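Reader: I am new to this structure and would like to know what the terms used for it rest on. Please show it to me and begin with the terms.

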Amino acid sequence: MDEKRDLLDQLQQLTAELRGQFFQQLAPELPGLTAMHGRLLLMLAVKPGSTAQQLTELLRRDKAQITRLLNDLQQAALLQRQNDPADGRRQLLVLSAQGQQLAAELKAKKRQIAGKMLVGLTTEQQAQVAQALAQMYQNLVNT
């Protein structure tokens, strides 16, 4: 039981450190915005045309929180809302040119942090860690 608790403590410590370093690296790129704004930018760079509802489900966040964050991004001219041609009641979210550029910079910084974290791990070890983390996530989601 202690080993499981230690693993959870290690995962929480790793997550906290990652979050801290991610925000520290991103703060100059996101003046007035948070790391969560950065996560939204990165998600929209990968999934352009997503809806607020889809982002709410993917990020497992409150819809009001996502709406506020999206409004902030739109106000900063990083995001545009477009009417969905298939359903006029929905809006599709796409990054502006400035938002795409910032997302690319954030992705590069994210890669730097990941590279720093993975120093000393072989490709095989990295694959094993990724597989173990994916399995742990599935175990939590499926129960």
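Author: A contact means heavy atoms within 4.5 Å. By that rule, residues 24 or more positions apart account for 52% of the contacts in the chain with a separation of 6 or more. This is a predicted model, in which local features need pLDDT of at least 70 and side-chain atom pairs count only at pLDDT 80 or more, while totals for chains, interfaces and linings use all residues. Residues are numbered from 1 along each chain as its sequence is written, and side-chain values use heavy atoms, with hydrogens and water left out.

Reader: What makes a stretch of the chain a helix or a strand, and how many of each are there?

Author: Both are DSSP runs numbered from the N terminus: helices are H or I with at least four residues, and strands are E with at least two. The chain has 6 helices and 2 strands, in the order α-α-α-α-β-β-α-α along the sequence.

Reader: Why is S96 called buried?

Author: Buried means under 20% relative accessible area, exposed means over 50%, and partly exposed lies in between (1.4 Å probe, protein chains only). S96 has a relative accessible area of 8%, so S96 counts as buried. S96 sits in the loop between β2 and α5 and touches A77, L78, L79 and Q80, leaving aside residues up to four places away in sequence. Across the chain, 27% of the 143 residues are buried.

Reader: What makes a set of residues a nonpolar core, and which residues have the most contacts inside the largest one?

Author: Such a core is a set of buried Ala, Val, Leu, Ile, Met, Phe, Trp, Tyr and Cys residues joined through side-chain atoms within 4.5 Å. The largest has 26 residues, and L40, L41, L55, I66 and L70 have the most contacts inside it. Two or more residues come from each of α1, α2, α3, α4 (63-75), β2 (87-95) and α5, with α2 giving the most, 7 residues. Leaving aside residues up to four places away in sequence, L55 touches several residues, among them L40, M43, I66 and L93. In soluble globular proteins, nonpolar side chains tend to be buried together.
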